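Hello,

Here is the structure we discussed handing over. Please open it first, then read the notes below it.

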Amino acid sequence: MKERPPLVFIVDDDDAVRNSIRLLMKSLGHATQTLPSAKAFLTTYDPEQPGCLILDVRMPGMSGLELQQELNIRGAVIPVIFITGHGDVPMAVEAMQQGAFDFLQKPFRDQDLIERVQRALTKDQSNRAELGERAKVRERFESLTPREREVLALVTSGKANKVMAADLDVSQRTVEIHRSRVMEKMHATSLAQLVRMMLDLEESKQS
Amino acid sequence: MEDTYRPGRAFPDNALLQNAKQSPLTNINYRELQAVLDAAVDGIIIIDHRGSIRSFNRAAERLLGFTSAEAIGQNIGILMNRDDQNDHDGFLRRYQENRIPHIIGTGRDVTVRRKDGTVFPAHLSVGAIAGEEPPRFVGFIHDITDSRRMQAESHQLQDRLTYVSRLATVGEMASGIAHELNQPLAAMATYAHACDRLLGLPQPDIEEVRSALKLIADQAVRAGDIIRRMRSLARSEESARAPVSVNTLINELATLINSDAKAHGVSYRQELGTGLSDVCASGAQIQQVVVNLVRNALEAVGGSHAGRPAEVLIVTRQLLDGRVEISVRDNGPGVPQALREQIFDPFCTTKAAGTGLGLAISRSIVAAHEGTLEYEPNVPDGARFNLRLDPARMNTP
């Protein structure tokens, strides 16, 4: 799969603010997409598109915070940089609690926005890489047979082959074969790596 | 019938007074009548058909500074300024020729001159004495200095109240205004930074930079407009009436209303009728009423919208009877039936932090413009307030 170039999304109902940020991003060589409302963003949003979102807090219709909630519900990972005309502390707190990447007050110094956009894009990239890695691990895990999963669970809980053989009522040799199949299928080079993979998978299931 | 005093008449017949002097039987009546005249708070003066003073009561002496002896025989003109003197001679002549009364039976406000030349406002009512030929007249002079002053004070008070309430509204709207000003400022700053960076590129696109510079200038003008509008809303001296277009008034408010609506997460629309008559009004005061109504609407819809987009709408139109209507509508919960009678009463409020004065002040402002401010349920839902004003007279330029 070819990597798509990241896109800086700019959602603000004010034409001038939106256009000026677009021009600033363009001067830095970022590709942009500007949208006048939260609704317009949602209808065109493709979760596979890497990038970041510069989002005005207060807009008529769906507000920036409401859009953020909607994105959270959809499980979107795109980092959101809020911009606001108000020094509205409770609103900033709420946005950050909901996982906003950062919060900037208008008018802002270009350096502040540029820096945050840069960091947000990096974060998005690592988010997506992590997600991709996790998806692969899940895929591999799902390719295991029921018996192999049982062996995996016992291996990662630290049981010795002999104990496992007794627990599963099979020969030690059979356990060894299952175990090496598991390591191979999971692309694990060590027991430690296998444990880390399983913890990560467990964690992502819970959140 | 002239030889008895009939109670209930506002003043005694002159003939009665004359008879009273001559008749020993009615001697008491004469003294009673004199007592009535002297006890009266109003100045009471009787004149003949040439305007010559024939009777002058004690209140008249006190009000006007002339003694009865000085006044009797003089022309009533000594109590008037020159223009009124000429007019008065004309009224007397005309009444004598064709009995057309000028103020008899109705009364009017006049300026009265004292012996020392000072003047005061008075209400003058005049009656012709029945059965006299040539006619005689009796005039009642009621000093209205105090009520005039009270009226002026109450006007002044109303103006100040409006001003204070407008300032309070401007204060409440300050955060909306700050937001509104921040937009062009943010755009200007960002455009400028972008220009700087575009010029730093190896092959700068000069046209792009130039068009961005133009956009910066546009935003500066926009910021200036916002400040100008805010100041026009905060001006104090605007109780003067002039023919104005309600659509112009609404358009001047649009930016402020928009920013306030945005702060409440509400969308704002206006549907302005075409070809509307001007109204004769203080623009700032009518704007104040509209802002009050809009703020109420924003608070009403902002708090409660069950899934549907909260909206405030202003509609202007001309009614069939010629009046011009500004209606402020929302799709909030509306005003409960039980409160509809009271919402215009002072201190009636449904808001936790409300003073309950907004609608009361609004209605008094509209009443001072001879207009009406009414509530009706909006269709299909929500509240609707109708502000109706008479059209300005057609001959105004």
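The side chains of B:Asp218 and B:Lys214 meet in a salt bridge, 3.8 Å from N to O. A salt bridge here is a side-chain nitrogen of Lys or Arg within 4 Å of a carboxyl oxygen of Asp or Glu. The two residues sit four apart in helix α8 of chain B, so about one helical turn separates them. An α-helix has 3.6 residues a turn, so residues three or four places apart point the same way. B:Asp218 counts as partly exposed at 35% relative accessibility. B:Lys214 is exposed, at 54%. The cut-offs: buried is under 20% relative accessible area, exposed is over 50%, and partly exposed lies in between (1.4 Å probe, protein chains only). Helices (H or I, at least four residues) and strands (E, at least two) are DSSP runs, numbered from the N terminus.

Some ground rules. This is a predicted model, in which local features need pLDDT of at least 70 and side-chain atom pairs count only at pLDDT 80 or more, while totals for chains, interfaces and linings use all residues. Residues are numbered from 1 along each chain as its sequence is written, chains are lettered from A and ligands numbered from 1 in the order in which they are written, and side-chain values use heavy atoms, with hydrogens and water left out.

**Other salt bridges**

How many salt bridges does a search of the whole structure find over all chains? It finds 35. One of them pairs A:Glu148 with A:Arg181, with the closest N and O atoms 3.9 Å apart. That pair links distant parts of the chain: A:Glu148 is in helix α6 (residues 146–156) of chain A and A:Arg181 in helix α8 (residues 172–185) of chain A, 33 residues apart. A:Glu148 counts as buried, at 5% relative accessibility. A:Arg181 is partly exposed, at 35%.

In chain B, B:Lys115 forms a salt bridge with B:Glu70, the closest N and O atoms being 2.8 Å apart. This pair also links distant parts of its chain, 45 residues apart. B:Lys115 lies in the loop between β3 (108–113) and β4 (119–128), and B:Glu70 in helix α4 (residues 68–71). B:Lys115 is partly exposed, with a relative accessible area of 45%. B:Glu70 is partly exposed too, at 31%.

**The interface**

Chain B and chain A bury about 2,200 Å² between them, 58% of it on carbon and sulfur atoms. Buried area is the accessible area (1.4 Å probe) that two parts lose on being put together, summed over both. B:Thr190, B:Arg197 and B:Lys262 supply 27% of the area that chain B buries against chain A, more than any other three residues. The contact (heavy atoms within 4.5 Å) takes 24 residues from chain B and 26 residues from chain A.

Three salt bridges cross this interface. One joins the side chains of B:Glu208 and A:Lys26, at 2.5 Å from N to O. On the chain B side, α7 (174–200), α8 (206–234) and α9 each supply at least two residues that touch chain A. The largest share, 14 residues, comes from α7(B).

**Helix α9 of chain B**

α9(B) covers residues 246–263, 18 residues in all. Its first and last C-alpha atoms are 25 Å apart, close to the 26 Å expected at 1.5 Å a residue. The expected span is 1.5 Å times one less than the number of residues. The helix bends by about 45° at B:Ala254. That bend is the angle between axes fitted to the seven residues ending there and the seven starting there. Of its 18 residues, 13 are buried, so α9(B) is largely enclosed by the rest of the structure. Just after the helix, B:Gly265 takes a positive phi of about 65°.

In helix α11 (residues 358–368) of chain B, the buried residues include B:Leu359, B:Ile361 and B:Ile365. Just after α11(B), B:Glu370 takes a positive phi of about 55°.

B:Ser327 is in strand β10 (residues 324–330) of chain B. Is B:Ser327 buried or exposed? It counts as buried, at 0% relative accessibility. Leaving aside neighbours within four places in sequence, B:Ser327 is in contact with residues including B:Leu313, B:Val315 and B:Phe385.

Best wishes
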